[in-house]
Amino acid sequence: MEKEGRQPEDLTDWFWRWSQRNSNNGLNELDIAQLLAANTFGASFNTTVVLMQCLCELATRPEYVNLIRQEVISTIKIHKNTWTKEAVESMKKLDSFIKESHRYNCFDLAGTPRVVKKDFQFKNGLRIPKGTVLFTPNAAMLFDEKYVKSPFEFNGFRFYELAEGSETPELFKYTSTNPHYLQFGDGKHAW
Ligand code: HEM
C-alpha cells in the first residue's frame, strides 16, 4: 500500500496515526492495543445483544421472516449478489425490524452517563451542582406516546412506514440519532 501511496484504513492504523500526530498524548504501542481492546469490547457487546434480541423476536414473530428474506434476496440480486455496505444499507425493512427490536427491548433504561464538571443552570431555572451524575431516560422515552405511536405494540416495520411517508427518510434509519432516540447517544460525536 505504501508503494501505491495509500494508507491502511483500519482502526489500528487510525489510532496509531492519531497518536503520532498528537505526540503530547505520549501514547505507546501498549496504549494503542488497550484502546483497541476497549473499542472491540464496546463494539461486540452491543451488537451481540441486538442480534440476539432480533433472533428472539423473529423466532416469536415468524410472519416477518419471509418479508425480510424477500427484501434481502432481491436487494442482493440488484447488487450483483454481493454483500456491500450499500446493499445492506438499502435493506429498509430489515433496518426497521432491527430498530424496533432494539426499541422494544431497550437495554439502556438510563443511558449517556455524564458527570457535571461545573455548576450549571438550565433556562427553566433547574440547577445542577458540580459533581452530579446525570443519565438520560432512554427506555422511558422509547415507550412514551408523545414520541412513539402505540409504543407497547411491536411493529417491525414501524420505522420503514414512517420513512416511506417522510421527506427525510434517513431520520428513521436505525443509526440515526435524535434527542428522543438515544440508543447510540447523541450530539457532536454521533453526528
Ligand atoms: C447496536 C450496536 C451499538 C450500540 C447500541 C451502541 C451504543 C453506544 C452508546 C449508547 C454509546 C455511548 C454514547 C454516549 O454516552 O454519548 C456508544 C459509544 C461508543 N460506541 Fe457504540 N454502540 C454500538 C456499536 C458500536 C460499534 C460496532 C462500535 C465500533 C466499531 C462502537 C464504538 C463506540 C465508540 C468508540 C463509542 C464512544 C464514542 C464517543 O465517546 O464519542 N459502537 N455506543
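User: How many residues surround the ligand, and which are the closest?
Analyst: The ligand is surrounded by 14 residues, each with a heavy atom within 4 Å of it. The closest are Asn39, Asn46, Arg114, Gln183 and His189. This is a predicted model, where local features need pLDDT of at least 70, side-chain atom pairs count only at pLDDT 80 or more, and totals for chains, interfaces and linings use all residues. Residues are numbered from 1 along each chain as its sequence is written, and side-chain values use heavy atoms, leaving out hydrogens and water.

User: Which atom of the ligand lies 2.3 Å from His189?
Analyst: An oxygen atom of the ligand lies at that distance from a polar side-chain atom of His189. For Arg114, a side-chain N or O atom is 2.6 Å from a ligand oxygen atom.

User: What about Asn46?
Analyst: A polar atom of the Asn46 side chain is 3.2 Å from a nitrogen atom of the ligand.

User: Changing topic, where are the domain bounds?
Analyst: Domain 1 covers 1–60 and domain 2 covers 83–191, with bounds from an automatic or database domain assignment. Their C-alpha centres lie 23 Å apart.

User: How many residues does the contact take from each?
Analyst: Domain 1 gives 8 residues and domain 2 gives 9 residues to the contact, meaning heavy atoms within 4.5 Å.

Methods
A polar contact is a pair of N or O atoms within 3.5 Å; within protein, one must be able to donate a hydrogen and the other to accept it, and residues adjacent in sequence count only if both atoms are side-chain atoms.
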